[in-house]
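Hi,

Here is the structure I promised to pass on. Have a look at it first, then read my notes below.

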Amino acid sequence: MDATTQITPTFLTQRELAELLRLPERTLEDWRLTRTGPPYLKLGRHVRYDVQDVLAWAQEHRHG
């Protein structure tokens, strides 16, 4: 990788995403169980959400 290339992925915890979306954390848990929510990563026992994936998922669910 050369010096001009920067990788800055931003991953959110369940709590951080719930705060961002102004939803209960339980909603995100339910969405994971039913596979209806935004994509997530499972790193061991830790769940993380990539901000770019969440934004793309939200755009797909826009109405109007």
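Below is what turned up, starting with the core and ending with the charged pairs.

A bit of background: this is a predicted model, where local features need pLDDT of at least 70 and side-chain atom pairs count only at pLDDT 80 or more, while totals for chains, interfaces and linings use all residues. Residues are numbered from 1 along each chain as its sequence is written, and side-chain values use heavy atoms, leaving out hydrogens and water.

The largest nonpolar core has eight residues, including Leu17, Ala18 and Tyr49. (Such a core is a set of buried Ala, Val, Leu, Ile, Met, Phe, Trp, Tyr and Cys residues joined through side-chain atoms within 4.5 Å; buried means under 20% relative accessible area, exposed over 50%, partly exposed in between, with a 1.4 Å probe and protein chains only.)

Now look at helix H1 (14-21). Helices (H or I, at least four residues) and strands (E, at least two) are DSSP runs, numbered from the N terminus. Gln14, Leu17 and Ala18 are the buried residues of H1. They fall within an arc of 100° seen down the axis, so they line one face of the helix (the arc is that of the directions from the helix axis to the C-beta atoms). Arg15, Glu19 and Leu20 are exposed on the other side.

There are three salt bridges, each a side-chain nitrogen of Lys or Arg within 4 Å of a carboxyl oxygen of Asp or Glu. One of them pairs Arg15 with Glu25, with the closest N and O atoms 3.4 Å apart. Arg26 bridges to Glu29 (3.2 Å, N to O) and also to Asp30 (3.2 Å, N to O), and the shared partners join Arg26, Glu29 and Asp30 into one network.

Cheers
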